[in-house]
Amino acid sequence: MKQVRLITDGACIGNPGRGGWAYILRFGEHTREMFGSVGETTNNRMELTAAIEGLRALKEDCDLEVVTDSEYLKNGITTWIHGWKRNGWKTAAKKPVLNQDLWIELDELVQNHHVRWTWTKGHANHDDNNRCDELATQAARAHS
């Protein structure tokens with residue numbers, strides 16, 4: 001199974017506001033950077049979208065490490081999602097889960113991979129995370 005690293009980030013100019021997402025895929029000596037933007041959105045939606053877009057780019061099952069600076073993304077997919085699914089996509093407070101559409105898609109995409117989720121401090125000494133932040137922010141600013 002291929003060992004791949006996926007680094008993701010989302011950005012928002014205003015929250016809600018113009019959003020951008022970015023990812024970097026690393027496999028051996030190969031690197032792929034991608035980014036995109038959305039008109040009116042939230043930072044959390046952009047964090048989820050970055051991971052979804054990165055996972056969509058994978059063409060086969062992988063041993064995958066996903067690196068994110070979003071505790072919302074990491075905790076949501078590793079811990080909270082189990083309760084949400086058990087409770088019919090309701091939170092512990094019996095309210096609908098925010099961004100349910102993206103959580104469902106993300107959950108489906110991770111099923112074919114062996115995934116480890118790694119949190120890194122944002123705006124710190126992680127070169128790939130910093131690069132993703134630059135790309136996502138540029139994408140958000142460029143969206144007209």
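**Exercise 1.** Find the partner with which the side chain of Glu65 meets in a salt bridge, and work out which parts of the chain the pair ties together.

*Solution.* Step 1: recall that a salt bridge is a side-chain nitrogen of Lys or Arg within 4 Å of a carboxyl oxygen of Asp or Glu. The side chain of Glu65 meets that of Arg5 in such a bridge, at 2.8 Å from N to O.

Step 1: Helices (H or I, at least four residues) and strands (E, at least two) are DSSP runs, numbered from the N terminus. Glu65 belongs to strand E4 (residues 62-68) and Arg5 to strand E1 (residues 2-14), so the pair ties together parts that are 60 residues apart in sequence.

Step 2: check the accessibility. Buried means under 20% relative accessible area, exposed over 50%, and partly exposed in between (1.4 Å probe, protein chains only). Glu65 is buried at 15%, whereas Arg5 is partly exposed at 32%.

A word on the model: it is predicted, so local features need pLDDT of at least 70 and side-chain atom pairs count only at pLDDT 80 or more, while totals for chains, interfaces and linings use all residues. Residues are numbered from 1 along each chain as its sequence is written, and side-chain values use heavy atoms, with hydrogens and water left out.

**Exercise 2.** Describe the salt bridge of Arg56 and Glu53, and say how the two residues sit in their helix.

*Solution.* Step 1: the two side chains meet at 2.7 Å, N to O.

Step 1: both residues are in helix H1 (residues 43-56); because they are three residues apart there, about one helical turn separates them.

Step 2: Arg56 is partly exposed at 42%, and Glu53 is partly exposed at 22%.

**Exercise 3.** Start from Glu134 and Arg131 and look for a network of salt bridges.

*Solution.* Step 1: these side chains form a salt bridge of 3.5 Å, N to O. Helix H4 (residues 127-142) holds both, three residues apart, about one turn of the helix.

**Exercise 4.** Trace how strand E2 (residues 17-27) pairs with E1 and with E3.

*Solution.* Step 1: two strands pair if DSSP finds at least two bridges between them. E1 and E2 are antiparallel over ten bridges, and Leu6 has Leu25 in E2 as its bridge partner.

Step 1: ten bridges also join E2 to strand E3 (residues 30-41), again antiparallel. Here Gly19 stands opposite Val38 in E3.

Step 2: look at the cover. In E2, eight of eleven residues are buried.
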